[in-house]
Amino acid sequence: MSYDLITSAEMLGAALRPLSRRLALGQPERFVRLLSSQAAISASLDSPLSIDVGAHALPHPRKKTAGEDAHFVSVNAISGTAALGVADGVGGAADSAWYSAILMANCEAVYTSSAAADPREVMEQAWANARSQHSLDGRSTACVVLLDAGVTPPKLRAANLGDSAFWVLRRRESGRLAVLFKSRLQSFSFNCPFQLGWLLGEELSSPADAETVELTLQPDDTLVLATDGLFDALHVLEILEMVGSGLRRGDTAEQLARALVETAVELSKDPLRSSPVVQAMAREGLVARAREAQDDVTVVVARVGPT
């Protein structure tokens with residue numbers, strides 16, 4: 001597997017206008033627990049490098065509920081570590097909103113109680129705990145990322161199952177932001193991702209199917225962890241331009257996450273927009289309608305920097 005820089009951002013200029021205002025934030029919290037659907041918070045670590053973490057989420061524009069996405073962020077300031085996760089409840093399953101939420105709550109509980117250093121182990125224990133709890137028909141993707149800024153160089157370990165994803169962004173020598181690493185999407189077929197949970201009395205996937213990766217990070221690296229609602233709505237260059245512009249302004253991780261979510265939701269409402277998911281549907285020979293790009297959107301951003 002290659003970790004070379006694989007994509008660079010071209011300046012989009014007026015083609016993309018940030019849709020969210022910058023927020024005036026107070027002092028960052030030291031410890032972050034399970035975040036609700038619209039919570040956003042930043043955290044600093046007492047270590048040679050700091051990690052600024054922020055999260056934001058919005059449901060499908062036409063939904064009257066909180067949606068099926070869930071996420072968690074947990075930071076340990078003493079050890080200089082952090083755990084992040086997102087889950088996307090699979091559509092069509094009655095209990096998917098409950099199931100994705102309980103998976104992320106269990107991941108947070110497993111991580112904080114045991115300080116597990118293996119993201120697949122965190123996912124495995126959270127999945128086992130969810131299996132022991134009542135769920136009629138709940139299924140969900142899951143992605144867990146563990147960051148360790150207490151070691152030199154800092155490390156990222158991740159386990160991803162399904163079509164949520166994380167990207168590691170780094171600046172080239174030219175100053176342009178680029179994608180250092182993209183996690184691989186896992187699916188049985190188009191729009192049918194690997195998923196935890198039950199379908200007609202059978203489990204389609206397990207944490208053993210999750211793809212794992214370990215990366216070495218550098219100061220100023222940026223992690224974008226998100227459900228497929230982000231990547232279905234925004235093109236690669238749009239994400240890179242938004243994050244790059246935000247970094248140049250000095251935006252916090254929370255501001256970056258909020259801008260990505262709000263922009264993805266707003267642009268998904270455009271009936272004439274050729275979004276990534278609309279283009280993917282066309283390639284599959286399906287009727288591609290702009291509203292197909294609308295989905296719950298959850299984004300967690302983490303930035304590594306000097307203290």
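Colleague: What should the 15 residues of helix H5 span at 1.5 Å a residue, and how far apart are its end C-alpha atoms?

Modeller: The expected span of a helix is 1.5 Å times one less than its number of residues. For H5 (residues 253-267) that gives 21 Å, and the end C-alpha atoms are 21 Å apart, so the two agree. Helices here are DSSP runs of H or I with at least four residues, strands are runs of E with at least two, and both are numbered from the N terminus. This is a predicted model: local features need pLDDT of at least 70, side-chain atom pairs count only at pLDDT 80 or more, and totals for chains, interfaces and linings use all residues. Residues are numbered from 1 along each chain as its sequence is written, and side-chain values use heavy atoms, with hydrogens and water left out.

Colleague: How many helices and strands does the protein have?

Modeller: Six helices and 16 strands. Of its 307 residues, 54% are buried. Buried means under 20% relative accessible area, exposed means over 50%, and partly exposed lies in between (1.4 Å probe, protein chains only).

Colleague: How many of the 15 residues of H5 are buried?

Modeller: Twelve, which leaves H5 mostly covered. Among them are Ala-253, Leu-256, Leu-260 and Val-265. The cover includes strand S2 (49-58), S15, helix H3 (228-233), helix H4 (236-249) and strand S16 (297-306).

Colleague: Which residues is Leu-256 in contact with, leaving aside its neighbours within four places in sequence?

Modeller: Contact means heavy atoms within 4.5 Å. Leu-256 touches Met-242, Val-243, Gly-246, Leu-247, Asp-251, Val-301 and Arg-303. Leu-256 counts as buried because its relative accessibility is 3%. Its C-alpha atom is 8.6 Å from that of Ala-55, 201 residues away along the chain.

Colleague: Which residues of H2 are buried?

Modeller: Start with the general idea. An α-helix has 3.6 residues a turn, so residues three or four places apart point the same way. In H2, the buried residues are Pro-119, Val-122, Met-123, Ala-126, Trp-127 and Ala-130. They cover an arc of only 125° around the axis, so they sit on the same side of H2. The arc is that of the directions from the helix axis to the C-beta atoms. These buried residues pack against helix H1 (96-114), strand S6 (142-148), strand S7 (155-161), strand S12 (196-199) and S13.

Colleague: How many salt bridges does a search of the whole structure find?

Modeller: Ten. A salt bridge is a side-chain nitrogen of Lys or Arg within 4 Å of a carboxyl oxygen of Asp or Glu. Take Asp-221 and Arg-170, whose closest N and O atoms are 2.7 Å apart. This pair links distant parts of the chain: Asp-221 is in the loop between S14 and S15, Arg-170 is in strand S8 (residues 165-171), and they are 51 residues apart. Asp-221 is buried, at a relative accessible area of 3%. Arg-170 is buried too, at 14% relative accessibility.

Colleague: Which residues are linked in a network of salt bridges?

Modeller: Glu-254, Arg-258 and Glu-262. The closest N and O atoms of Arg-258 and Glu-262 are 3.6 Å apart. These two are separated by about one helical turn, because they are four residues apart in helix H5. Arg-258 is buried, with a relative accessible area of 18%, whereas Glu-262 is partly exposed at 23%.

Colleague: Is the peptide bond from Thr-152 to Pro-153 cis or trans?

Modeller: It is cis, with omega near -5°. Pro-153 lies in the loop between S6 and S7.

Colleague: Where is Asn-191 found?

Modeller: In the loop between strand S10 (187-189) and strand S11 (192-193). Asn-191 is exposed, with a relative accessible area of 64%. Asp-220 also has a positive phi, near 80°, and is found in the loop between S14 and strand S15 (222-226).

Colleague: Which residues make the nonpolar surface patch?

Modeller: Patches are made of residues with over 30% relative accessible area and no salt bridge; like charges are joined within 9 Å, nonpolar side chains (Val, Leu, Ile, Met, Phe, Trp, Tyr) within 5 Å. Here Phe-188, Leu-199, Leu-200 and Leu-204 make a patch of about 400 Å². Areas come from the Shrake-Rupley method with a 1.4 Å probe; for residues, only the protein chains shown count as cover. Leu-204 is partly exposed, at 33% relative accessibility.
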